[in-house]
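Here are a few exercises to work through with the model open beside you. Try each task before reading its solution.

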Amino acid sequence: MSERAAKVTPEDEQDDDQITDSAAPDAAAEADSAGDAETETTVDPVTSGAEAVVRALENAGVEYAFGVQGGAIMPVYDALYDSDIYHVTMAHEQGAAHAADAYGIVSGDPGICLATSGPGATNLVTGIADADMDSDPMVALTGQVSTEMVGNDAFQETDTTGVTTPVTKDNTFSSDPDRVGSDVSEAFALAREGRPGPTLVDLPKDITNAETDREPDAPEVPDTYRVQERADPEIVDAAAERIENASKPVMLLGGGVIKGEASEACREFATEHEIPVITTMPAIGAFPEDHELSLEMAGMHGTGYANMAITHCDTLIGIGTRFDDRLTGGIETFAPDAELIHVDIDPAEISKNIHADYPLVGDAETVVEQLSAAVDASPEAKKWRAQCQQWKSDYSMAYDAPEDEPVQPEFVVEALDEATSDRAVVTTGVGQHQMWACQYWTFTEPRTWVSSHGLGAMGYGLPSAIGARLAADDDQEVVCIDGDGSFLMTLQGLSVAVRENLDITVAVLNNEYIGMVRQWQDAFFEGRHSASDYGWMPEFDKLAEAFGAKGFRIDDYDDVAETIDEAITYDGPSVIDVHIDPDANVYPMVPSGGDNGQFALTEDQL
């Protein structure tokens with residue numbers, strides 16, 4: 001399982017000594033074994049609403065929860081005291097939501113976050129909205145004032161369900177102590193079923209304090225909730241025929257491919273029929289980027305060759321993508337000559353942004369398997385594949401890194417990639433550093449890229465690294481590539497990483513700007529750097545040391561390899577303050593609403 005700091009109390013030490021000094025260690029071990037067997041078969045009965053809430057989480061197999069204690073949620077925390085669920089106390093509720101979100105991305109199971117009423121709940125909203133935009137499985141449990149006080153503007157009262165309704169898949173105000181545990185069970189099931197997303201249960205204090213002996217129902221979705229698994233066979237056959245007759249086919253994989261466990265099916269389909277593959281940013285890792293068929297990421301800061309392929313293809317097979325504006329640019333210029341085959345489990349996404357000629361509603365893995373069975377012959381696309389390879393050569397992601405100039409961020413990202421294994425998990429904040437990370441790190445496995453896509457929440461990087469570390473395997477490194485502005489927003493999470501002794505490495509690409517804003521100001525606002533110059537940044541390496549983490553600093557190329565190796569090797573949280581070229585920009589770039597086929601490689605081309 002995941003790494004976690006071992007907590008040894010004086011009582012633990014005393015118990016260890018007693019066992020060591022025992023004259024009959026085998027008998028003691030046998031007695032312990034018998035005691036364990038009894039414990040496994042004996043479950044204390046539920047006696048309160050709060051205990052029912054925790055029992056529901058235990059029944060769902062929850063191992064970790066992230067949160068911040070408070071008055072209205074206190075009964076639930078008291079019930080957690082005796083649970084095997086490991087609670088990670090975060091330094092801010094936003095961090096709790098981001099950590100739970102990342103846990104869900106890496107593990108595939110809903111992450112759990114808790115907060116008290118009022119400001120505790122509202123501080124979760126950014127993380128909940130992020131999970132909603134990216135369809136990440138998460139359950140938020142929020143304390144609430146007692147039911148008789150609701151609507152009276154009581155201390156720390158907020159209409160939490162009203163605030164979060166627009167950014168949750170489902171939310172519930174729990175008003176019955178006999179039902180509260182089942183409300184939580186249902187929320188857990190809904191968070192992961194079909195198109196994943198965040199759910200929320202608001203827990204009034206009188207309900208969680210109330211007596212009940214009602215065991216929660218199993219985590220199942222309501223009978224009224226229906227998910228279509230298989231696409232219409234007639235449309236599948238028509239789509240298969242279109243693929244067979246295509247001369248310029250492209251597969252476009254979205255985040256739903258990873259969430260639907262369809263990565264392997266898509267890889268097999270693409271390689272069997274030799275179809276070039278493009279990913280959206282949430283789908284990074286769904287197809288190995290070192291494969292000859294990979295064109296990597298498309299969109300605003302996607303590769304030139306991916307955007308050229310989309311612009312000139314005649315058949316676009318979109319799987320698990322919502323065709324958002326950062327991918328498409330201008331709708332009228334997106335894949336203008338292509339017929340679109342759109343696979344999505346959510347019928348609301350079909351033809352929402354881009355018209356689907358072949359709408360295939362269903363589970364991504366299931367529908368890809370349907371297509372695979374229906375396609376009898378691979379498309380004749382040898383010339384097209386050669387063209388795609390030519391574009392990869394013409395618009396390669398090369399960059400200059402003169403030794404007598406400031407460190408280029410691309411160089412740092414590649415050095416971090418080289419120093420870690422193929423299964424390393426990368427988390428990021430939001431900004432230029434996020435784009436450099438997805439452009440210059442070579443991803444080959446799903447669930448190794450963790451970032452804020454649709455919402456674009458700065459501050460996501462560090463708390464998401466905490467959640468990712470607890471979800472990842474022990475042999476997977478966790479690297480957070482952050483920007484100075486983004487890191488500053490949630491760096492209090494370092495106290496959590498130190499307390500839990502989490503082995504994470506944070507590389508802050510420090511350009512003393514809100515870099516993406518500065519880049520846009522230079523391009524579109526005559527270089528007027530209004531509120532984007534962050535020359536007042538602290539020394540992050542020293543700040544890391546103050547928190548108890550290991551701090552490093554990089555100022556030139558000679559420091560890069562050795563410093564990164566030391567930071568990665570360090571067993572615990574480390575922070576590298578990497579001072580990069582403050583004028584470095586992210587290219588390729590498609591201006592907002594622009595034509596993907598007219599991407600800019602320099603500022604002069606914008």
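**Exercise 1. Decide whether Thr 164 is buried or exposed, and find its partners.**

Step 1. Thr 164 has a relative accessibility of 1%, so it counts as buried; buried means under 20% relative accessible area, exposed over 50%, and partly exposed in between, with a 1.4 Å probe and protein chains only. The model is predicted: local features need pLDDT of at least 70, side-chain atom pairs count only at pLDDT 80 or more, and totals for chains, interfaces and linings use all residues. Residues are numbered from 1 along each chain as its sequence is written, and side-chain values use heavy atoms, with hydrogens and water left out.

Step 2. Helices (H or I, at least four residues) and strands (E, at least two) are DSSP runs, numbered from the N terminus.

Step 3. Setting aside neighbours within four places in sequence, Thr 164 is in contact with Val 125, Ile 128, Asn 171 and Leu 200; contact means heavy atoms within 4.5 Å.

Step 4. With Asn 171, the side chain of Thr 164 makes a side-chain polar contact of 3.1 Å. A polar contact is a pair of N or O atoms within 3.5 Å; within protein, one must be able to donate a hydrogen and the other to accept it, and residues adjacent in sequence count only if both atoms are side-chain atoms.

**Exercise 2. Find which elements the buried residues of helix 6 pack against.**

Step 1. Helix 6 covers residues 119–133, and its buried residues include Leu 124, Ile 128 and Asp 130.

Step 2. These buried residues of helix 6 pack against helix 5 (93–107), strand 3 (111–115), strand 4 (138–144), helix 7 and strand 6 (198–204).

Step 3. Now look just past the end of helix 6: Ser 135 takes a positive phi of about 55° there.

**Exercise 3. Decide whether Asp 475 is buried or exposed, and trace its surroundings.**

Step 1. Asp 475 sits in the loop between helix 19 (461–471) and strand 15 (478–483).

Step 2. Its relative accessibility is 56%, so Asp 475 counts as exposed.

Step 3. Beyond neighbours within four places in sequence, Asp 475 is in contact with Ser 421 and Arg 423. The side chains of Asp 475 and Arg 423 are joined by a polar contact of 3.1 Å.

Step 4. Check Ala 424 too: 51 residues separate Asp 475 from Ala 424 in sequence, while their C-alpha atoms are 8.5 Å apart.

Terms used
The expected span of a helix is 1.5 Å times one less than its number of residues.
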